[in-house]
Amino acid sequence: MSDKTETKAELPIGPVVSAAHLASGAMPALSEIEFAVTMMVNAYHRWMVRCMAASGSEGLGPLDVLVLHSVNHRGRAKTLSDICLVLNIEDTHTVTYALKKLEKAGLIASGRRGKEKTAEITPSGETACLEYRRLREALLVEPMKALGLDETELSKLAATLRLVSGNYDQAARAAAAM
């Protein structure tokens, strides 16, 4: 075999991306991050829905589960704008729909703070969140701990992803202005 001929085993692998035409630009690693985040988001959404169903609350979508946990956070009533800000959601109507769905399921209750409508967790909602946490610890946290990952490094990764999300937000604003 000549030096110019490479076998499949010798070919370099990577970057691992979903769109080679995007990875062929100046920053292929960003395309790797985008593909990894896409896979992570889809797996995370699937996990949330199935864990919540196993917790006894079937029929909730990923956004419903996120909103439920956000409403339960710190045991304080939340406004629509509070929830959208924390979850970085621009389309408030999707959160409004999730809140209505959760209220109909008896997991949250609506109230008022001045002129603003609020949402707070009900006892049933808190029970659902606690059961989700119990299952999460057993089915997800324990196996993750067994991987021996450094929690400090995971926290740094999370901080980096939050910072990178700001660049995507800025780029989205710029694209909207074009």
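Contact here means heavy atoms within 4.5 Å. Axes are lines fitted to C-alpha atoms, for helices over the stretch in contact, and angles run from 0 to 180 degrees between N-to-C directions. Helices (H or I, at least four residues) and strands (E, at least two) are DSSP runs, numbered from the N terminus.

A quick word on what you're looking at. This is a predicted model, where local features need pLDDT of at least 70 and side-chain atom pairs count only at pLDDT 80 or more, while totals for chains, interfaces and linings use all residues. Residues are numbered from 1 along each chain as its sequence is written, and side-chain values use heavy atoms, with hydrogens and water left out.

UniProt, in an unreviewed entry, puts the feature "domain: HTH marR-type" at residues 53–152; UniProt positions are given in the numbering used here, feature names are shortened, and annotations may be inferred rather than shown by experiment. That span is 60% helix and 14% strand, and its end C-alpha atoms lie 31 Å apart.

Two strands count as paired if DSSP finds at least two bridges between them. Strand 1 and strand 3 (residues 116–121) run antiparallel and are joined by 2 bridges. Lys-78 stands opposite Ala-119 of strand 3.

Ile-108 sits in strand 2. Among the residues that Ile-108 touches, not counting those up to four places away in sequence, are Leu-68, Val-71, Leu-99, Leu-102 and Ala-119.

**Helix 3 against helix 5**

The axes of helix 3 and helix 5 come within 9 Å and cross at roughly 75°. That makes the two helices roughly perpendicular (65 to 115 degrees; under 35 would be roughly parallel, over 145 roughly antiparallel and the rest oblique). On the helix 3 side the contact is made by Leu-63, Asp-64, Val-67, Leu-68 and Val-71, and on the helix 5 side by Thr-94, Val-95, Ala-98, Leu-99, Lys-101 and Leu-102.

Helix 3 covers residues 62–72, Asp-64 included. Its buried residues are Asp-64, Val-65, Val-67, Leu-68, Ser-70 and Val-71. Asp-64 touches Gly-59, Ala-98, Lys-101 and Leu-102, leaving aside residues up to four places away in sequence. A polar atom of the Asp-64 side chain also lies 2.7 Å from the backbone nitrogen of Gly-61.

| Residue | Relative accessible area |
|---|---|
| Asp-64 | buried, 5% |
| Ile-108 | buried, 5% |
| Arg-74 | exposed, 62% |

**Two positive phi values**

Arg-74 belongs to the loop between helix 3 and strand 1. Its phi is near 65°, a positive value in a residue other than glycine. Asn-88 isn't a glycine either, yet has a positive phi of about 60°. Asn-88 is in the loop between helix 4 (80–87) and helix 5.

Key. Buried < 20%, exposed > 50% of the residue type's maximum accessible area, 1.4 Å probe, protein only. Polar contact = N/O pair within 3.5 Å; in protein donor to acceptor, adjacent residues only side chain to side chain.
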